[in-house]
Amino acid sequence: MHAEVRKLAEELACDPEDLDFLMRFAADDLAQLRRVVYHALDEKFRPVFQRLELAARLVPNPITARIAMRHFSPLVLGRTATELSADRALKLLPQLPNEFIADCSPFMDPVRAKPIMRGMPIEVILPVAEIVIARRDHVALGRMLAGLLPEHIPHVIGLVQDGHDVILIAFHSEDTDVLDPVATHLSDEQVLAVVAAAVEHELVEELAYVLGHVSEANRRRLLDAAHDDLVAALSG
Amino acid sequence: MSNDPIDAMCHRGRFARSDLPAFVDELTPDEATRLAELFHRAVDRRKDELEESIDEGLTLVPRPLRGPVKKILGV
């Protein structure tokens, strides 16, 4: 199955087999279609979240936090949080439990929420990331990685010990520019775990996608750790 | 309005056809219809999820005001 077809199926919440007819097209073109779909689904309802954000401005932070946790779902809050100014969002953060921030994280737009993500102290990022990793929410962590400061990436990726998780988090990262820093900061143990997981969990296609976005040195490092069969599959 | 399923998808998603990769013009009529159907279904699902979430949130608003508040929010 084409990795980009699988990602598009996730965006459309359908079975990848429903999109078999797209298999003949190039990965870059499918990625372009996926990005259009993602933004269209998001933009269509954005005015609702912008109005909620305007309403939240009328209420002091502690009350906003209490109302948010008690009355609104992570979907609404994640999307509304994306509309907050970084300053307001960062003032609200200390009033919210990490578990709750982790609930909302899959629904935040990694591009628009970048100023918020980049303002978050590492002391908040790490416990939230730990929760998301424990839930094996690869899409949420992939999106989170895309929003982080480059210097925070090694800390977060260092928390992911399971090779299966590393591959799927990298695969789901919305910003392929983070894949090389991720690969650079993998420990030797993580590299071995990644190549083992690719075989054990049949994630060769996903790993090939990731390797397509890393430097030659990082690609070589991963291939050197792989057995010949896997190298052949990844190179094919 | 055009009967083209891709045009209908663009209209509903509020994006230009030129935003889509060129291959959409190579899809057969059945494939284009299928792609558009899946998109419309995803929009409907997202709308239902959002409405449900907003309804849950509006339990803090007195019942007679919930309709007008939803209207203001544009749900």
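**Stop 1: a helix pair in chain A**

Start with α9(A) and α10(A): α9(A) passes α10(A) in a left-handed crossing (left-handed if the near helix is turned anticlockwise from the far one by less than a right angle, right-handed if clockwise). Select residues 122-134 of chain A for α9 and 138-147 for α10; helices here are DSSP runs of H or I, at least four residues, numbered from the N terminus. Their axes sit 8 Å apart at an angle of about 150°, and therefore the two count as roughly antiparallel (angles over 145 degrees). Axes are lines fitted to C-alpha atoms over the stretch in contact, with angles from 0 to 180 degrees between N-to-C directions.

Now show side chains for A:Ala129, A:Val132 and A:Ile133 on α9(A), plus A:Ala140, A:Leu141 and A:Met144 on α10(A), which make the contact (C-beta atoms, placed from the backbone, within 7 Å). By class that is six nonpolar, no polar and no charged residues. Nonpolar means Ala, Val, Leu, Ile, Met, Phe, Trp, Tyr, Cys and Pro; charged means Asp, Glu, Lys and Arg; the others, Gly among them, are polar.

A word on what you're looking at: this is a predicted model, where local features need pLDDT of at least 70, side-chain atom pairs count only at pLDDT 80 or more, and totals for chains, interfaces and linings use all residues. Residues are numbered from 1 along each chain as its sequence is written, while chains are lettered from A and ligands numbered from 1 in the order in which they are written.

**Stop 2: across to chain B**

Next, pick A:Val76 in helix α5 (residues 74-83) of chain A. Is A:Val76 buried or exposed? Buried, because 24 other C-beta atoms lie within 10 Å (20 or more is buried, 12 or fewer exposed, in between partly exposed). Across the chain boundary, A:Val76 touches B:Ser53, B:Ile54 and B:Gly57.

Zoom out to the whole contact: 27 residues from chain B and 26 from chain A. On chain B's side, α2(B) gives the largest share, 14 residues.

**Stop 3: B:Arg66**

Finish on B:Arg66, in helix α3 (residues 63-73) of chain B. B:Arg66 is partly exposed, with 16 other C-beta atoms within 10 Å. Beyond its sequence neighbours within four places, B:Arg66 contacts B:Leu58 and B:Val61.

Colour by pLDDT (per-residue predictor confidence, 0 to 100): among chain B's elements, α3(B) has the lowest mean, 86.

Note on methods. Two residues are in contact if their C-beta atoms, placed from the backbone, lie within 7 Å. Angles under 35 degrees count as roughly parallel, over 145 as roughly antiparallel, 65 to 115 as roughly perpendicular and the rest as oblique.
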